[in-house]
Every structure is written in structure tokens, then in C-alpha cells.
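Morning, everyone. I have one structure to show today. Please take a look at the screen.

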Amino acid sequence: MSLKSIQINPARHLKGEITVPGDKSITHRALIFASIARGKSMVKGLQKGKDCLATLNALKMMGIHMEEEEDRLVVYGQGLSGLREPPNILDCGNSGTTVRLLAGLLAPQKFYSVLSGDQYLRKRPMQRVVEPLRKMGARVFGRENGEFPPLTILGGKLKAIDHSSPIPSAQVKSCILLAGLYAKDRTSVIEPYRSRDHTERMLKFLGAKIEVNDLRVSVEGNNSFSGANIWVPGDLSAASFFMGGAAILKRSKLKILQVGLNPTRRGFIDVLLRMGADIKILNMRKICEEEVGDIEVRGGNLRGTVVQGGMISRLIDEIPILAVVACFAKGETIIRDARELRVKETDRIGAIKSELTKMGAQIEEKEDGMVIKGVGKLEGAQCQSHGDHRMAMALIIAGLSAKDKSKILGSDCIDTSFPGFWRTLGQILVQ
Ligand code: S3P
């Protein structure tokens, strides 16, 4: 684990106008779908954090040619069966999205491949994708009978399935849909709540045969589609750290331009509004099937709320920063039905509780969430990221909002999802 430490001094407020890097989830999908589309795609706004580069490099290792041209990447798609056996292990780094989506892409290929990653990724559960892929006839193996990477895949023909996922997970859904594009007949995934639907939207945009019926998503097998010009909007999850900071630092006035506002991702905004935050959405439009707009946030008084059920998957990645915000709200904030946080880049329930407690937060840990008592202030402290990029950024915002200086250990993992984080923060920080 990296122990690089950074000192954070308290901020007065956040002020100005910024953009954030391209959406991480949409970038992974743009790279994968452009690679298996027929012909050329031009992708604009790609995010170049380490997670997305892991997907990009894996696709290059399977023979996909890509060229950088000014502000865009040209991807020469080879069609559904144009990938080649990679000459080495595909290194997914820290990226759960890379390993799970590529498992679905690789299971139907006519070759052998191995997916692995860093010490954190090799502890994350894979049975959720291995089990349905095996039901499709895939030969996928991993440590502890397929629970942990490295995953070895002996690709081959697949059959369609109807899969009822016990958890709302876009990675699981997208893995099965990717495999389903190659299967014989129609493959469906049903979720208990809707998870982010970028895969469905991008497949529709590219002209693939896909049907969405409430919580059921189906794709036809042997489903080829063509390349296109894809624009990736700004990442709402990246924006959320600055939004959270602006909401709690009084006299803040922040505008974030061209951010993805897909309803399956917008839970953090809905919850902040419910907490009384001053947020305006401006300039809403739809590009490449995704809603996009500008977000304006001003600092103010907040109150606690309850976050549960279907709301959880709409803000799953924003819970570390939501916990920081909740420390400054009046009353209690209750987060439940969020057991999935235990198997993210780190156990985020445990990490939020242990790190924010060092800063004077009052958090009661529950098996599936937490109760955060609004204490109205945080103290400076020495905290650690647990190797988790979203924990690191949430702690930095906590440090900016604290009364005295803090030290955050292991902040270099921010590169995973937010290249340019410090530069962007520097543009709006008033100290
Ligand atoms: C993602 C889905 C979510 C999210 C992750 C990205 C995706 O994970 O937490 O950061 O791009 O599909 P789950 O599908 O495991 O909920």
C-alpha cells in the first residue's frame, strides 16, 4: 500500500467554474463497444485514469488498433469476432469494471485469456459473474472455485440465459449482456433495482438489438453493430467530491460544466436536494443517449436524511463523500441496504467509519450501512485512503472542511479515476 502523504489545510470555500474528466463507466463501455463494432469510431472526452487505461491496454493487447487524434481517440473496430488471443495476462489493475466486463467479452471468444489485477482487485468477488457465465456454458476459472482473480477463460460457444441477479450491479449486468451479444438466442438479465444503464444506452446508440422492459434487459445473440462518433460526458462521480465540498463550505459557489446526469447515476444530487442543498441543473440536453447538463452548487445549511432501497445503486460510488457531507448536516443521516460497499475497492463502510471517526465524526457502523450523526464540524487528523481512490478524495474534502490541518496517507490512488484532481481543485480552492 502506498503511504505517500499529503497535507490538507482548511479551506474557506470553493468558488469558480470547472469541468471534470470523462465518465469512467461510459469510457470503459465506449472502448469495449467501439472495439467490437464494425468499422471506425471516434471517441471524444475519454477518461484517462488508470482504470480506463487498463481496459484500453487490454483491448490493444487483443489486436485492436487505436490512434490518438487531437482531443479524440480513433478506435478501429474489428466486429464481434475480430479480437485476437492476448500474448500475456490482461492486467486490470484496480479496476472491477475492467475485470468483470472483460470476463463477459472473453468468455465467447475462440481463445485462452487470463485476467488479473492488483492486491485489492484480487480480493474482490467474481462469483457474481463467473456463475452466470458458467450457466451460459463458459469455461471460466479462478481462485477458490472462481471467486477471486486471476480468472482464466477458455473461450467458446455460449448459450443464452435468463439471469435473475440477486444484487443490482451494472458490472454483472454488462458482463452478461456482453456475453449475450455472442450467444445463440436471446439473453436477459433481471435486477432487483435498476443499476446504471450506460451499457443499454450505448448499445442502443450503436444500433445493436437491445430491449429494456422495466427491470429486464435483453440482447439478441449474434448481434453486430457499427462504429460511431461517441462523446463521453463529465463524470458525475468525480464531480460529486467538489459538489459535496461546495455544499458544506459556506459561501461556496461552484459550477461544473457538461456533467453526465443519467437518472440511474443522479442519486447524489437527489439526496443533496432532499438534505436542503442549493443545487441548480442548467442547460440539460441529451448526447449519445445520455443526459448531460451543468451543475451549480452553493454552500448552505443541510439536514440529515435516510438513504435506502433503490436509491443506493443510484449513488453507490458517492457514499464516501455523502458520509462527509452528513457530518455537517443537522440531525442523523441513515444509510442502509448498502452491503455492496463492503466489497468495493476497500470495505467502504469500515473505512468511512474508521477514518472519519479520527476527525471527530460520530458514525455507528451497521452491517449494511451506517448512521451518521451530524456533528457540524470535523477536526484535522491523520487518515489513510485504504488504497481506495474515492476514500482518498472524500477524505481530502473532509480535510478541507475541518478546523485544522490534516494528513491523508495513500492519496496517489486518486489517479485511478481522476487524473488532474489536484489541478481542478486548485482552480476553485479559496484558503
Ligand atoms: C460500475 C458499476 C458499479 C460501480 C463501479 C462502476 C460500472 O459497480 O460501483 O464503480 O461501470 O458498471 P457494481 O456494478 O458492482 O455495483
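Glu 144 is found in helix 5, residues 143–146. Helices here are DSSP runs of H or I with at least four residues, strands are E runs of at least two, and both are numbered from the N terminus. This is a predicted model, where local features need pLDDT of at least 70, side-chain atom pairs count only at pLDDT 80 or more, and totals for chains, interfaces and linings use all residues. Residues are numbered from 1 along each chain as its sequence is written, and side-chain values use heavy atoms, with hydrogens and water left out.

Back to Glu 144. Its phi is positive, about 50 degrees, although Glu 144 is not a glycine. Next, the peptide bond from Pro 149 to Pro 150 is cis, with omega near 0 degrees. Pro 150 lies in strand 9, residues 148–154. Why mention these? Most residues other than glycine have a negative phi, and most peptide bonds are trans.

Now the ligand. Which residues surround it? They are Ser 25, Arg 29, Thr 97, Ser 169, Ala 170, Gln 171, Arg 196, Ile 316, Asp 317 and Lys 344. Being near means having a heavy atom within 4 Å. Helix 1 (24–36) and helix 6 (170–180) each supply at least two residues of that shell. Domain 1 (5–22 + 233–430) and domain 2 (24–231) both contribute to the shell, so the ligand lies between them. Those bounds come from an automatic or database domain assignment.

Polar contacts are pairs of N or O atoms within 3.5 Å. A side-chain N or O atom of Arg 29 is 2.6 Å from a ligand oxygen. For the side chain of Ser 169, the distance to a ligand oxygen is 2.7 Å. Ala 170 uses a backbone N or O atom, 2.9 Å from a ligand oxygen.

Key: A polar contact is a pair of N or O atoms within 3.5 Å; within protein, one must be able to donate a hydrogen and the other to accept it, and residues adjacent in sequence count only if both atoms are side-chain atoms.
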